Amino acid sequence: MTYLWVEKYRPKKVSEVVGNQEAIETFVKWMRSWELGKPEKKAAFLYGPAGIGKTSLVLAYAKEYGYDIVEVNASDWRNEEKMKAIVGESSLNATLDGSTKKIILVDEVDGIAGREDAGGIAALRKIITTTRVPIVLVANNPWDQKLAPIRDQALMIEFKRLSKTVVYKRLKEICEKEGVKIPDNVLMKLAEKSEGDLRSAINDLQALAGSRETVTEKDVDILGERNRVKEIFEALRMVFYAKSIRSARVALEGLELDPDTIYTWILDNVPNQVIDPEDLAEVYEILARADVFFTRMNRYQMWKLMKYAVPLMTGSIVAGRKTPPKGFQKFTFPPKIRLLQQYKNEREIRQNIALKMASKLHLSTYKASKEVLPYMAVILSHVDGRGSKLAKFFELTEEEIEYLAKNYGPAMKKEAVVEVEGVKKSVKKTSKRT
Amino acid sequence: MRLPSADYFADLMKAIHAVVDEGTFKITEEGMRLIAMDPAHISLVDFELSSSAAEEYECGGELQMTLSISEMMKFLKRIKKGESLTVIYDDQARKLSLILVDATGSRERTFTLNTLETVEARSTTPKLSFDAKARLNVDAVLDAIKDSDVVSDYVKITINPDEVVFLAKGELGTIQTKFSKMGAAVYEIETDTEVWAHFSINYLEKIVKAGSELSEEVIMNLSTNKPIKLGFPIPSGKLEYLIAPRIEGT
């Protein structure tokens, strides 16, 4: 079973939690005051950006000092009744070992505030006043107006983004333990990109280390926007390991990616994740149906079809797979997305050329790109001076000429390169004049 | 596994449902076992059904099965009186089939339930030692707990060599139920000292109620301010619960 490194290298002792020394000290001091029996505030509110060790600190403390953790995710249950039933009861009772060493960890407190909060916050406030065990609240954004009633009940502890060097050091440690060789400059770049989010940095590292033999700085770029990668990996995990169609669907909540991209991610990962051929066929069948909806949605601009397409897409695995997955299988980065990102620039240039040609020749851009553009490249590569005239006619820029020349380069003769240079120069002159 | 009474199986599941919504059963040739804690970590159920409880029992090796007890309860509600039950679990397809046959054998119904992603089962219970033990009539205890509910969320349970006392105090007033060692409701008290602890009525009531469907007596094990162990003797099986005590305020 391959573990997520984030879980594998979660700190087991408080001293292993990196960065935020001040916050950690405050938290430890607060826990000590509980052990002595007289805490000033009964709850602590740890807040700050994602992936910097808030939850890890609480778990590490519990592990090191033998506390039972009652972990509740606020977004799972936001009504008063459930809040009372779980947190309320738990806050007054000892553990099953008969000890009082228990921490109640309420994660994603801002999750309750954002959605319909049916008395959950008010109930939580009440519970904090009566609790007999420490309650730790965790959130990214504690400043929501709705959280005000619990803010002044709790000891506010701010966690800041981790510095680049702290993230870098931790990545380096993990590399050494895992026996993977990744150049320092790459690690540094990963650390930089993480913007202080260690969790996503470790996720990125694992994705990179698993994908190829040697990793270069360029690969880091391919990972794309840091946040997105982290979130998409988590969402994929939820989609592929969901127990029900409904829970698979929740995976996409808060994910800032368009369904098309997610579709590619799922589609490309299916053959690795679904081993049984019959299951695979079934999953593909469902995905194909989702694809039909997506296509019709785009073609007829019928956005209401989204509500059929998305559940089909996310539920395809749960619905189609009969044999359970064996252990955790790594997710791969879809080549399509990687290529699209890599050639994004070039596609833009090509599109611009096609646009210019289309307007001069009264064609559609599609036709221009398919039928005229290739000839233009050929003409450019022949030495007879017509190329530069055409380039002027189409008002191509130097960059665009360069693109055309390069893409049909292999067949180009040496003189042609000179010719292209000439064309570029003449274009430059004209543009200066105008 | 074939059981003579479907009702009995439904009651067993209800008893587990008193603590958890979903759980992992460990199934071996000896029988099935489940140890699970509720999400608030206050109560724990330790359930075991030996293969001898069944008329027919077959198991092709040790396996684990995670299922949503609350979903299964929906199926079990449809059980009619006098039906026998055959439980079949297909580990490959991860499907659990419940086959119900009525007394005359004229109707056979099959309910198939999808099981969940297997979660590693818990295999141990906390090690606890107890200073006192009492065996009581379960309905009498359930009554005492229900009475306590009138005034409070908590009840103090005391066991001393002569009696078992349930005491609830609230703003409304106080309710106390005493079971004397001499009385008909008490079968046995085994202790040298007085022990006591407070427990959530919510949990007590759910558990004792479920237990009362299956057993006529309840065995309580207790030490001062420690978890209570509630055992309900069932034929060829085990049904025990732990409930954590309330932390005494300072």
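1. What percentage of the 250 residues of chain B count as buried? In this predicted model, 53% of them do, where buried stands for under 20% relative accessible area with a 1.4 Å probe, protein chains only. The secondary structure of chain B comes to four helices and 17 strands, taken as DSSP runs (H or I, at least four residues, for helices; E, at least two, for strands).

2. Local features need pLDDT of at least 70 and side-chain atom pairs count only at pLDDT 80 or more, while totals for chains, interfaces and linings use all residues. Residues are numbered from 1 along each chain as its sequence is written, chains are lettered from A in the order in which they are written, and side-chain values use heavy atoms, with hydrogens and water left out.

3. Turning to the interface, 25 residues of chain A are in contact (heavy atoms within 4.5 Å) with 31 residues of chain B. The two chains bury about 2,200 Å² between them, 55% of it on carbon and sulfur atoms; this buried area is the accessible area, with a 1.4 Å probe, that two parts lose on being put together, summed over both. In chain A, the residues that lose the most area to chain B are Leu96(A), Arg132(A) and Lys243(A), together 33% of what that side buries.

4. The count between chain A and chain B is one salt bridge, a term for a side-chain nitrogen of Lys or Arg within 4 Å of a carboxyl oxygen of Asp or Glu. Lys243(A) and Glu22(B) meet in a salt bridge through their side chains, at 3.3 Å from N to O.

How values were computed. Buried means under 20% relative accessible area, exposed over 50%, partly exposed in between (1.4 Å probe, protein chains only).
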